[in-house]
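Here is a friendly briefing on one helix and its surroundings. Have the sequence and the structure open beside you as you read.

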Amino acid sequence: MSTEDLPSREGEFQYRGYTLDELKEMSLDEFAEVAPARIRRTLERGLSDEHQKLFDRVRDGDDKIRTHLRDTPIVPEMVGTTFMLHNGQGFERVDVEAEMIGHYLGEFEMTRKDVEHGQAGIGATRSSKFVPLK
């Protein structure tokens, strides 16, 4: 998702009354109190070992992180990180921006392609049965 696709905002970014700097200073437990219910429940139940490793790589400052973990909640410390997220066929680039806080990584890379229908072949429909071939 590029920056041209997002709506422009006036002033400084705020998430539920907190600025991005204030959000980055919060611990995960403090952020969970501000987050939506689904994200809060995920964080309160505890993150798996794979999710902990992913958060450690984000904290280490890795440039591009390849992952299959589409169910990872986006927290403020992830802003500015680039993920190569698996969509079932390959890895696609997802740049995390401030507006994505409180969502899951998988929401920003679709797993299905748009359907592109071609033309019907000869005999595929009832009306084409009587069309001369030449």
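Arg59 is partly exposed, with a relative accessible area of 44% (buried is under 20%, exposed over 50%, partly exposed in between, with a 1.4 Å probe and protein chains only). This is a predicted model, in which local features need pLDDT of at least 70, side-chain atom pairs count only at pLDDT 80 or more, and totals for chains, interfaces and linings use all residues. Residues are numbered from 1 along each chain as its sequence is written, and side-chain values use heavy atoms, leaving out hydrogens and water.

**Around Arg59**
- Arg59 sits in helix H4 (helices are DSSP runs of H or I with at least four residues, strands are E runs of at least two, numbered from the N terminus).
- Leaving aside residues up to four places away in sequence, Arg59 touches Leu28, Gln52 and Glu77 (contact means heavy atoms within 4.5 Å).

- His51, Leu54, Phe55 and Val58 are the buried residues in H4.
- They lie on the same side of H4, because they cover an arc of only 95 degrees around the axis (taken from the directions from the helix axis to the C-beta atoms).
- Strand S3 (64-67) and strand S4 (82-86) are what the buried residues of H4 pack against.
- Exposed Asp49, Lys53 and Asp60 are on the face turned away from the buried side of H4.
- Just after H4, Gly61 has a positive phi of about 90 degrees.

**Confidence**
- The chain has a mean pLDDT of 88, with 87% of its residues at 70 or more (pLDDT is the predictor's confidence in each residue, from 0 to 100).
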